[in-house]
Amino acid sequence: ADRPFDQLDPVEIAVLLVGLEELRHHPEVPFRVVINEAVSVARRYGAEDGHKYVNAILDKAAARYRQPEKAVVRR
């Protein structure tokens, strides 16, 4: 992340931690589902426009942790 945790909304921190856990350790859940659910929670309960940050971070994490799955989706 490009920001320290103390500059993030607590909801965004929680959403990012859960999303990263799912991306890393639950390959049975498609990465798009993980990102969509995280963005929905951040949009509803987080700071204004915080969902955009959550989306960007989890998208980068998906590229790292779900590289084969993301490559198939790009085709």
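The dialogue below sets values against cut-offs.

Visitor: What kind of model is this, and what do its values use?

Guide: It is a predicted model, where local features need pLDDT of at least 70, side-chain atom pairs count only at pLDDT 80 or more, and totals for chains, interfaces and linings use all residues. Residues are numbered from 1 along each chain as its sequence is written, and side-chain values use heavy atoms, with hydrogens and water left out.

Visitor: Why is His 51 called buried?

Guide: Buried means under 20% relative accessible area, exposed over 50%, and partly exposed in between, with a 1.4 Å probe and protein chains only. His 51 has 13% relative accessibility, so it counts as buried. His 51 belongs to helix α3, residues 50-65. Helices are DSSP runs of H or I, at least four residues, numbered from the N terminus.

Visitor: What does His 51 touch, beyond residues up to four places away in sequence?

Guide: Val 39, Ala 42 and Arg 43. Contact means heavy atoms within 4.5 Å.

Visitor: What makes the pair of His 51 and Arg 43 a polar contact?

Guide: A polar contact needs a pair of N or O atoms within 3.5 Å; within protein, one must be able to donate a hydrogen and the other to accept it, and residues adjacent in sequence count only if both atoms are side-chain atoms. The side chains of His 51 and Arg 43 make theirs at 3.3 Å.

Visitor: How do you know that a charge sits over the ring of Tyr 53?

Guide: The rule asks for NZ of Lys or CZ of Arg within 6 Å of the ring centre and within 35 degrees of the ring normal. The charged end of Arg 3 sits over the Tyr 53 ring, 4.2 Å from its centre.

Visitor: How does the span of α1 compare with the expected one?

Guide: The expected span is 1.5 Å times one less than the number of residues. Helix α1 (residues 10-25) has 16 residues and reaches 23 Å from first C-alpha to last, close to the expected 22 Å.

Visitor: Which residues of α1 are buried, and what makes them a face?

Guide: Glu 12, Ile 13, Val 15, Leu 16, Gly 19 and Leu 23 are the buried ones. Down the axis of α1 they fall within an arc of 165 degrees, so they line one face of the helix. The arc is that of the directions from the helix axis to the C-beta atoms. These buried residues pack against α2 (31-45) and α3.

Visitor: What caps the N-terminal end of α1?

Guide: Asp 9, with a side-chain oxygen 3.1 Å from the backbone nitrogen of Val 11. Asp 9 is in the segment before α1. Its relative accessible area is 24%, so Asp 9 is partly exposed. Outside four places in sequence, Asp 9 is in contact with Gly 46 and Ala 47.

Visitor: Why are the buried residues of α2 put on the same side?

Guide: They are Phe 31, Val 34, Ile 35, Ala 38, Val 39 and Ala 42. They cover an arc of only 120 degrees around the axis, which puts them on the same side of α2. Exposed residues on the other side include Arg 32, Asn 36 and Glu 37.

Visitor: What is the phi of Asp 49?

Guide: Positive, about 65 degrees, although Asp 49 is not a glycine. Most residues other than glycine have a negative phi. Asp 49 lies in the loop between α2 and α3. At 40% relative accessibility, Asp 49 counts as partly exposed.

Methods. Helices (H or I, at least four residues) and strands (E, at least two) are DSSP runs, numbered from the N terminus.
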